[in-house]
Amino acid sequence: MSRRCFVTGNWKMNKTVAEATALVRELRGLVSMVRDRVEVAVAPPFTALYPVAKALEDSNIALAAQTCHAEPSGAFTGEVSAPMLKEVGCSWVILGHSERRQFFGETDATVNRKIAATVKAGLLPIICVGETLQEREANKTLEVVTTQVKGALAGFAANPAFVIAYEPVWAIGTGKTATSRQAQEVHAHIRQVVGGLWGQDTAAQVRIQYGGSVKGDNAAELLGQPDIDGALVGGASLKAADFAAIIKARA
Ligand code: PGA
């Protein structure tokens, strides 16, 4: 079963509209040749989504949001809904990122509701899971990601288009990357958990990205693992050349 490599750039709270559009204009040129081999998406902050969508027209780069609210509209000051994201040109929504869980109180239950909202709006989720350093040191990694995956996917029929991102919290923005062996072990386990819920055929199609200090110089090794189907990239997605190097590591 071949899964097309999928690399997403999570810009977090970075880039003004001017900076964001300049970055994607440069990126377009750098990655145009990987058209069929690697799927690419960028996730700018909300304010830059629409201008970036315009700057990406007729390109092979898709647009992702970094979160959404679970309701389509209503009295939720400061929030943005999935239908709004669809309207400005998003195809994907990153959900359950560890920073959302850590700083904004997201739980597996809220992630589950946000996935439902995402799918209802015609978008696809990139669902983030991963253990903290403390959990890894207590040998709880597989248990933690099992709970997160089951909690996120509870109630959904098998959907091979969902993407899961394994992001060990201790590797995010720290310059510490999981070794390819550590990452592969967890990816294979996540695929098994998905297989338990959705059957082996679907599990073989679901793409699982790795995230946590992915850079041009470690991408090839990580992306070469049998169950690592792409990357969710933070810091190194903020410069076109750095991000393109990761994309080309697989292309
Ligand atoms: P990083 O972030 O690449 O800067 O470690 C990854 C992420 O948070 O998705």
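**Exercise 1. How many residues of the shell around the ligand are nonpolar, how many polar and how many charged?**

This is a predicted model: local features need pLDDT of at least 70, side-chain atom pairs count only at pLDDT 80 or more, and totals for chains, interfaces and linings use all residues. Residues are numbered from 1 along each chain as its sequence is written, and side-chain values use heavy atoms, with hydrogens and water left out.

Step 1. Collect the shell: 13 residues surround the ligand, each with a heavy atom within 4 Å of it. Among the closest are Lys-12 and His-97.

Step 2. Sort them. The shell divides into 4 nonpolar, 7 polar and 2 charged residues. Asp, Glu, Lys and Arg count as charged; Gly is among the polar ones.

**Exercise 2. Is Glu-39 buried or exposed?**

Step 1. Locate Glu-39: strand β2 (a DSSP run of E, at least two residues).

Step 2. Read its relative accessibility. At 17%, Glu-39 counts as buried (under 20%; exposed is over 50%, partly exposed in between; 1.4 Å probe, protein chains only).

Step 3. Find its polar partner. The Glu-39 side chain makes a polar contact with the side chain of Arg-207 at 2.7 Å.

Definitions and conventions: Helix = DSSP H or I, 4+ residues; strand = E, 2+ residues; numbered from the N terminus. Polar contact = N/O pair within 3.5 Å; in protein donor to acceptor, adjacent residues only side chain to side chain.
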